[in-house]
Amino acid sequence: MTHLAYVDVSNLFIEGQKVSAVAKGLVRDRKAASVRGVINFGYRLDLHRLMALLRQGGEGEGAPRAVAFGSVTNSNEGLWRHAAAAGFDVVTLERGFSGGEKRVDTSLVTRVCRDAYRFGDPRRDRITLAAGDGDYEPLVRQLVADGFRVTVLYWAHASRELREAATAFQSLDAYIEDLALG
């Protein structure tokens with residue numbers, strides 16, 4: 001059995017800062033955090049702990065083949081070394097001209113498709129997607145239709161369409177402090 005896991009690090013981290021702000025009482029709920037721009041700037045994801053969570057529940061599986069996706073900034077080189085040390089293959093992309101992320105979602109989708117159909121067997125293997133963006137819903141829907149077990153691992157506010165397309169959904173909200181660096 002193989003466990004393929006894919007993480008949209010920026011998506012998970014930024015939304016985790018909002019979930020942490022709610023948990024710390026800085027704002028009443030995640031929606032208010034988004035509307036008012038309230039985040040817990042001190043919150044950082046511990047990718048070693050995320051990898052440990054990915055390893056759970058896989059009887060007969062070794063460590064997952066896990067890939068972390070994100071973009072390079074002047075201040076996040078340490079993040080990608082941390083991800084590699086935690087056991088992730090790292091895929092980084094340059095930011096666009098305006099400074100925003102570009103091609104992360106499409107790069108992740110391309111890699112999942114390649115790996116699933118090249119290395120995966122829907123009769124025995126599983127795929128975990130740690131992302132909550134509704135743009136991933138067509139990918140997940142197709143993988144499930146082709147027989148793969150796909151778990152979405154994300155904060156409780158993940159896209160409804162994405163959660164419904166997956167075989168299973170696991171909320172990370174209860175792990176907010178467990179996944180904190182430090």
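1. Residue A85 belongs to helix α4; helices here are DSSP runs of H or I with at least four residues, strands are runs of E with at least two, and both are numbered from the N terminus. A85 counts as exposed because its relative accessibility is 56%, where exposed means over 50%, buried under 20% and partly exposed in between, with a 1.4 Å probe and protein chains only. Between A85 and L47 the C-alpha to C-alpha distance is 8.8 Å, although 38 residues separate them in sequence.

2. The model is predicted, so local features need pLDDT of at least 70 and side-chain atom pairs count only at pLDDT 80 or more, while totals for chains, interfaces and linings use all residues. Residues are numbered from 1 along each chain as its sequence is written, and side-chain values use heavy atoms, with hydrogens and water left out.

3. Helix α4 spans residues 77–85 and lies across β2 (65–72) and β3, at about 175° to β2. Axes are lines fitted to C-alpha atoms, for helices over the stretch in contact, and angles run from 0 to 180 degrees between N-to-C directions.

4. The open sheet comprises 6 strands in the order β3-β2-β1-β4-β5-β6, with parallel pairing; two strands pair if DSSP finds at least two bridges between them. The edges are held by β3 (89–94) and β6 (168–171), each of which has a single partner strand, so one side of each lacks a neighbour in the sheet. On average, neighbouring strands of this sheet are turned by 20° against each other, direction ignored.

5. Within the sheet, β4 (residues 126–130) and β5 (residues 149–154) run parallel and are joined by 4 bridges. T128 has T151 as its bridge partner in β5.

6. Q17 is located in helix α1 (residues 9–23) and counts as buried because its relative accessibility is 5%. Leaving aside residues up to four places away in sequence, Q17 touches I39, N40, F41, Y43 and R44, contact meaning heavy atoms within 4.5 Å.

7. A nonpolar core is a set of buried Ala, Val, Leu, Ile, Met, Phe, Trp, Tyr and Cys residues joined through side-chain atoms within 4.5 Å. The largest such core has 49 residues, and Y6, L12, L50, F88 and W155 have the most contacts inside it. Helix α3 (residues 47–55) contributes the most to this core, with 5 residues. Apart from this core lies another of 5 residues, including A21, V27, A32 and V38.

8. Beyond residues up to four places away in sequence, the contacts of W155 include L12, V19, Y43, F169 and L179.
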